[in-house]
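Try each task before reading its solution.

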Amino acid sequence: MIGGGQGAFIGAVHRIAARIDGEYELVCGAFSSNPEKSQASGLLLGLPASRSYSSYQELIEKEKQLPEDERVQVISIVTPNHVHFAPTKMALENGFHVVLDKPMTFSLDEAKELDKVVKASGKLFCLTHTYTGYPMVKEAKQLIKAGKIGTVRKVYVEYPQGWLSSFLEGEDNKQASWRTDPGKSGIAGAMGDIGTHAFNLAEYVTGLQVTKICADINIVVEGRKLDDDGAALLKFNNGASGVLTATQIAAGEENNLKIRVYGEKGGLEWHQSDANSLTVMYTDKPAETWRAGAGYTSSFAQHNTRTPPGHPEGYLEAFANLYRNFALTVKAGLEGKEATPEELDFPGIEEGIRGMAFIENVIASGKSDVKWTDFTI
């Protein structure tokens, strides 16, 4: 692991997710840009001092020198956005598979360059868009793919949070400080942090791609340097229209992600607050509630469900599904086998590029006087 040391939030989440299915063992890390903190973090996690490195460069260089049966195989990168590209590039170029926290890079240009690196390396790459790991999100995707609701016509996706309703970055809050800093987060705040999740969810579930955008971007909290609120009208490549909202100043909200998709024959609705349920709506009969763990769900939903019906699985398990599918794909390659479609169902480089393109397009649209702008990459 690179990043995710003492005081970090998402590193611990990644470590829990990786361990849930017993597919990974944490063997080394460079957990902080501070060498002493990195060493201390490694020792707390039970690593020997010899594999608690002072920098990501040292980790990659020294691990590469170890015998193949001892060295690390997958490197998980959980640093702030501005420290995504360089360690990912170095890891791939030195023969390691990579799991990377989203958004993929600091800029779209970096994302395009990383695409070339991934393809040239021949190594596997996973981007942790967590919410695609939920069983009933996967079920929604499969139902749409099978034509259950007919041609998609309308998409609503929203991600309201309230944790940045005040100027937390002025109170020495580490998470708020880097996420609202253009030098570390990039050109977007809320739209980069959670708007990319909403965008990715809309494209993943529908199987469509955004082609045009019309955005309104706001900085609500006085003194903040990046957007903390925004909305966008979307046009998809099949002619469908959509609405995306992402805000971090919705006081009282936690992580209330939800998506609704309507087709010519019916609709689907999923809320993270009730992640085991998927509402399936029809034009000629009452709506149904489909549940995770039930025998009628698709192979994709069943492959990503661990518990019997009625036992809720949540955020950590969804996160773990990405890690497990990636591990199974890596193992298939080591054994000279082809991974199954279910195992290959994790976000990768294409989703990363489109996520970075969303950030740049939504911010540009928010600044433009033109009503609709093309979604360009």
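Helices and strands here are DSSP runs, numbered from the N terminus. With that in hand, α5 is followed by G122, whose phi is positive, near 75°. Keep in mind that this is a predicted model.

**Exercise 1. Follow helix α5**

Task: Work out how long α5 is, which of its residues are buried, and what they pack against.

Solution, step by step:

1. Start with the length. α5 covers residues 108-121, which is 14 residues. From first C-alpha to last it reaches 20 Å, close to the 20 Å expected at 1.5 Å a residue.
2. Now look for the buried positions. They are L108, A111, L114, D115, V117 and V118.
3. See what sits against them. The buried residues of α5 pack against α4 (85-93), β3 (125-128) and α12 (349-367).
4. Zoom in on one of these partners, α12. The axes of α5 and α12 come within 9 Å and cross at roughly 170°. The cut-off for roughly antiparallel is over 145 degrees, and α5 and α12 are therefore roughly antiparallel to each other.
5. List who makes that contact. From α5 come L108, A111, L114, D115 and V118, and from α12 come I349, I353, M356, A357 and E360.

**Exercise 2. Just past α5**

Task: Find K123 and say which residues it touches.

Solution, step by step:

1. With 27% relative accessibility, K123 counts as partly exposed.
2. Look for chain neighbours from elsewhere. K123 and G95 are 28 residues apart along the chain, yet their C-alpha atoms are separated by 6.9 Å.
3. Leave out residues up to four places away in sequence, and K123 touches L92, G95, F96, H97 and V118.

**Exercise 3. The two sides of α2**

Task: Which residues of α2 are buried, and which exposed residues does the face turned away from them carry?

Solution, step by step:

1. Go to α2, residues 35-44, and pick out the buried ones: S38, S41 and G42.
2. Ask how they are arranged. They cover an arc of only 100° around the axis, which puts them on the same side of α2.
3. An α-helix has 3.6 residues a turn, so residues three or four places apart point the same way.
4. Turn to the face away from the buried side of α2: the exposed residues E36 and L44 are there.
5. Check both ends. At the start of α2, a side-chain oxygen of N34 comes to within 2.9 Å of the backbone nitrogen of E36. After α2 comes G46, with a positive phi near 85°.

**Exercise 4. Contacts across the sequence**

Task: Is G162 buried or exposed, and what does G162 touch?

Solution, step by step:

1. G162 is in the loop between β4 and α7.
2. Buried means under 20% relative accessible area. At 13%, G162 counts as buried.
3. G162 and E253 are 91 residues apart in sequence, but 4.9 Å apart in space, C-alpha to C-alpha.
4. Not counting residues up to four places away in sequence, G162 touches Q248, I249, A250, A251, E253 and E254.

Notes:
Residues are numbered from 1 along each chain as its sequence is written. This is a predicted model: local features need pLDDT of at least 70, side-chain atom pairs count only at pLDDT 80 or more; totals for chains, interfaces and linings use all residues. Side-chain values use heavy atoms; hydrogens and water are left out. Buried means under 20% relative accessible area, exposed over 50%, partly exposed in between (1.4 Å probe, protein chains only). Helices (H or I, at least four residues) and strands (E, at least two) are DSSP runs, numbered from the N terminus. The arc is that of the directions from the helix axis to the C-beta atoms. A polar contact is a pair of N or O atoms within 3.5 Å; within protein, one must be able to donate a hydrogen and the other to accept it, and residues adjacent in sequence count only if both atoms are side-chain atoms. The expected span of a helix is 1.5 Å times one less than its number of residues. Contact means heavy atoms within 4.5 Å. Axes are lines fitted to C-alpha atoms, for helices over the stretch in contact, and angles run from 0 to 180 degrees between N-to-C directions. Angles under 35 degrees count as roughly parallel, over 145 as roughly antiparallel, 65 to 115 as roughly perpendicular and the rest as oblique.
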